[in-house]
Amino acid sequence: MALEYTDKSLAIDPDRLPTLFNRALILEELGLVIQAKQAWEEYLKRDSTSEWSAEAGKRLDALEQNKTQSRTPPEIIGDFWAAFDAGD
């Protein structure tokens with residue numbers, strides 16, 4: 001629901017920085033890493049000097065660092081079935 005509202009707001013004013021920032025936060029919270037990364041990059045294209053841009057940069061860096069730790073859906077399913085078979 002929150003993502004829908006930010007998208008509607010951006011349809012009205014695509015340059016509204018607080019909405020761009022919040023959209024990236026929402027995507028990150030939803031676990032949509034690729035979309036969150038793109039949203040942070042988009043935010044940083046428009047704001048590269050404020051304190052908020054520093055926070056956006058930190059969040060983007062964190063997503064980049066976790067990229068190598070991410071598992072694919074088949075890996076997650078495989079781990080699930082292994083744990084299930086082991087009674088965990």
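Me: In this predicted model, what makes a residue count as buried, partly exposed or exposed?

Reply: Buried means under 20% relative accessible area, exposed means over 50%, and partly exposed lies in between.

Me: Why is Lys8 called partly exposed?

Reply: Lys8 has a relative accessible area of 48%. The exposed class requires over 50% and the buried class under 20%, so Lys8 is partly exposed.

Me: Why is Leu60 called buried?

Reply: The relative accessibility of Leu60 is 12%. Because the cut-off for buried is under 20%, Leu60 belongs to that class. Leu60 sits in helix α4 (residues 51-67) and is in contact with Lys37, Trp40, Glu41 and Leu44, neighbours within four places in sequence being left aside.

Me: What makes Lys8 and Glu4 a salt bridge?

Reply: The N to O distance between their side chains is 3.3 Å. The limit is 4 Å, so the pair of Lys8 and Glu4 qualifies. Both residues belong to helix α1 (residues 2-12), where 4 residues, about one helical turn, separate them.

Me: How do you know that Lys37 and Glu64 form a salt bridge, and which helices hold them?

Reply: The closest N and O atoms of Lys37 and Glu64 are 3.0 Å apart, and the rule asks for a distance within 4 Å; therefore the pair counts as a salt bridge. Lys37 lies in helix α3 and Glu64 in helix α4, so this pair ties together parts 27 residues apart in sequence.

Me: Why is Asp47 said to have no salt bridge?

Reply: The nearest side chain of opposite charge, Arg46, is 10 Å away, whereas a salt bridge must fall within 4 Å.

Conventions
Residues are numbered from 1 along each chain as its sequence is written. This is a predicted model: local features need pLDDT of at least 70, side-chain atom pairs count only at pLDDT 80 or more; totals for chains, interfaces and linings use all residues. Side-chain values use heavy atoms; hydrogens and water are left out. Helices (H or I, at least four residues) and strands (E, at least two) are DSSP runs, numbered from the N terminus. Buried means under 20% relative accessible area, exposed over 50%, partly exposed in between (1.4 Å probe, protein chains only). Contact means heavy atoms within 4.5 Å. Lys and Arg count as positive and Asp and Glu as negative; His and the chain ends are not counted.
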